[in-house]
Amino acid sequence: MDSSADRAQDVRETPVAWCPSGDASRPESVVLGVRSGDGDQVVYLAEPVPAADVLGSIPEGIAPSRVLRFASHCVSDCANRVGEACGLIERIKTVPAATGASAVPRCHLRPHCKWWNQTGVEACHRCPAISTLNSRDDELTVLVADPATTREQLESWVAAGR
């Protein structure tokens, strides 16, 4: 049986593509980062921590994705999958990156990250602002998260300056 350390090591050593907006409940899931109070941005961990090791310490009634960002394997049956590509990062790229975003954060996932391998630095500039727990009050976030939303719809929404 794999130990927690072995599962955390997998993120660094396996050629499997990892999703930086992963499902915490998957057995290989690791904590990618912690959501900070400063603009709700993700602060990335220096080393992966198995999700199973921390999920039990989150108080009851708080969704784990409210405070943590998880990474798990990119899977073929994902609702965001478009052929071999990730449709979610393509929708995310439509939204302008934060102004002044020049340096990319340090991230242990990058060598195996589906988003990085698909779009490069564009993904990294947007990644810290991504939340897997979306407020229904934020129309843009809801649109980006919906696999049925087209790039044209997002471009139109952004152009309208809503």
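User: Leaving aside its neighbours within four places in sequence, which residues is Ser72 in contact with?

Analyst: This is a predicted model, in which local features need pLDDT of at least 70, side-chain atom pairs count only at pLDDT 80 or more, and totals for chains, interfaces and linings use all residues. Residues are numbered from 1 along each chain as its sequence is written, and side-chain values use heavy atoms, with hydrogens and water left out. Contact means heavy atoms within 4.5 Å. With neighbours within four places in sequence left aside, the contacts of Ser72 are Ala17, Trp18, Cys19, Gly22, Asp23, Arg26, Glu28 and Ser29.

User: Is Ser72 buried or exposed?

Analyst: Buried means under 20% relative accessible area, exposed over 50%, and partly exposed in between (1.4 Å probe, protein chains only). Ser72 has 2% relative accessibility, so Ser72 counts as buried.

User: Which strand holds Ser72, and what is the order of the strands in the open sheet?

Analyst: Strands are DSSP runs of E with at least two residues, and helices are runs of H or I with at least four, numbered from the N terminus. Ser72 lies in strand S4, residues 68-73. Two strands pair if DSSP finds at least two bridges between them. The open sheet has 4 strands with antiparallel pairing, in the order S1-S4-S2-S3.

User: Which residue in S4 is the bridge partner of Trp18?

Analyst: S1 and S4 run antiparallel and are joined by 2 bridges. Within S4, the partner of Trp18 is His73.

User: Where is Val121 found, and how does Val121 count in terms of relative accessibility?

Analyst: Val121 is in helix H6, residues 121-126. Its relative accessibility is 40%, so Val121 counts as partly exposed.
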